[in-house]
Amino acid sequence: MSINKAGARAKTTEMRVLVIDDEADIRELLDLTLARMGLSADCAGSVAEAKAFLARERYHLCLTDMRLPDGDGLEIVRLIGSDYGATPVAVITAFGSTDNAVSALKAGAFDYLSKPVALDQLRTLVKSALNLSAEPAGGGASEKKTAGGTLLIGESPAMLAVREMIDKVGRSQAPVYVSGESGSGKELAARSIHAQSARHAAPFVPVNCGAIPENLMESEFFGYRKGAFTGADSDREGFFQAANGGTLFLDEVADLPLAMQVKLLRAIQEKKVRKVGSAVEEPVDVRIISATHRQLKDCVDAGTFRQDLYYRLNVIELHMPALRERQEDIPILVDATLKRLCGDNPPSLSPEARQALAAYAYPGNVRELENILERATALCIDGKIALEDLQLSETGIEGVVDAGGTLDDQVNRFERQLILDALVKTGDNRTAAARLLGVTFRSLRYRIERLGIDT
Ligand SMILES: Nc1ncnc2c1ncn2[C@@H]1O[C@H](COP(=O)(O)OP(=O)(O)OP(=O)(O)O)[C@@H](O)[C@H]1O
Ligand SMILES: [Mg+2]
């Protein structure tokens, strides 16, 4: 931490901030606070003035009010996003206007502050933003890109899109909701976002919301004061304090009881928490990433998940594709996993085993692939993995149905799996596979194309 601070201070001489607010008092307050941090600021009172400053000077941070006489803060967020991409923008929103904060984050704002501006929060925000700006646009940033990116293996278009999104959201503080089936890499994606962000030197704290007993939840999340309850014989920090400056990963967030959802919403909105048994709130600087293998929206519709918290968490959604939707990644994942399990001398796969792995539907996604290979390496003889060592179920149909989704999704998956099974059984002979399935060759070819099956 001290290295970061020193680094930021050393660079502050040439760091400039653009402040945009139509109220002279607020401009002055911000200017003064920034000056005390060793930063110089230009102050604009309107969108037009801001545009003129932006055209003249390069800024390391922009702080803008939401409501301006000739436009709004979102316009500034969008303009900077499109024309001055390297500059983080934070918006200042009116007290209690949650919607504004969420739309600014969605538009690409780095973070937000609510009025009246709390100076400690302002300083924290400025430091994070400058950490981000301090990274050189060339070498350093791309080096980190690889570091975060390599956590997630895969070169399919779907995976490239995921990595691109991770790069993008790494540059903001906005909450991210990671969706996707079980084993599809949600936690790995959350870790990648953290590794990619200005917060990477601070902790990543994963919390399995479904695993905490309800009566301990508040003290686990927010900590407690000595004497708060029987057994509390010293002060203790909670997850929020542990993640201060870093990222809190709320896994299986749909499992939070409603009472806890209210408290969590408050903590996120106010950026403050109160320890159990304490009278005072303490500020926390935590980025929230959440995930569940369920459809969070369905939980909202069913009344088990608060809508306001849903909007707060789901500012940016990152969807992790199922492995069967990116089958071209299977060979790379297989090789990487074998290497991880066995080092430099991994067992070889028979052609049939390779083919079967490439065609399997993986209802349990990457985790299932890893388990299959782990079992196979234990079972195989002479460093050669044969088809039997994989112990794949005869058809993947059960898992295909269990994986859920709309009727069309399920029917497509079902169809896809039947075709893949037929291709495996016939050694990729489409004529034989069509016969096995009782359809014409043309019909099979059409279905293969429609379902995007890669053979
Ligand atoms: N793209 C990927 N590249 C490499 N490994 C991956 C990838 N996706 C997932 N994995 C590996 O698969 C396993 C499961 O990943 P992870 O725990 O992130 O999934 P999850 O979506 O959080 O699963 P669950 O819903 O069960 O919690 C881990 O061992 C992870 O390292
Ligand atoms: Mg997980």
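Predicted model: local features only at pLDDT ≥ 70, side-chain atom pairs only at ≥ 80, totals over all residues.
Strand 3 spans residues 61–65 (strands are DSSP E runs of at least two residues and helices H or I runs of at least four, numbered from the N terminus). Residues are numbered from 1 along each chain as its sequence is written, and chains are lettered from A and ligands numbered from 1 in the order in which they are written. Local features need pLDDT of at least 70 and side-chain atom pairs pLDDT 80 or more, whereas totals for chains, interfaces and linings use all residues; side-chain values use heavy atoms, without hydrogens and water.

Strand 1 (residues 16–20) runs parallel to strand 3 and is joined to it by four bridges, with Leu 18 opposite Cys 62. Four bridges also link strand 3 to strand 6 (residues 89–93), again in parallel; here Thr 64 has Val 91 as its bridge partner.

Ligand 1 is surrounded by 17 residues, the closest being Ile 153, Gly 183, Lys 186, Arg 367 and Glu 370 (a heavy atom within 4 Å). Polar contacts (N or O pairs within 3.5 Å) place oxygen atoms of ligand 1 at 3.1 Å from a backbone N or O atom of Gly 185, at 3.0 Å from one of Leu 188, and at 2.8 Å from a side-chain N or O atom of Arg 367. Helix 9 (186–196) and helix 17 (365–379) are the elements giving two or more residues to the shell.

Key
Buried < 20%, exposed > 50% of the residue type's maximum accessible area, 1.4 Å probe, protein only. Pairing = 2+ DSSP bridges. Polar contact = N/O pair within 3.5 Å; in protein donor to acceptor, adjacent residues only side chain to side chain.
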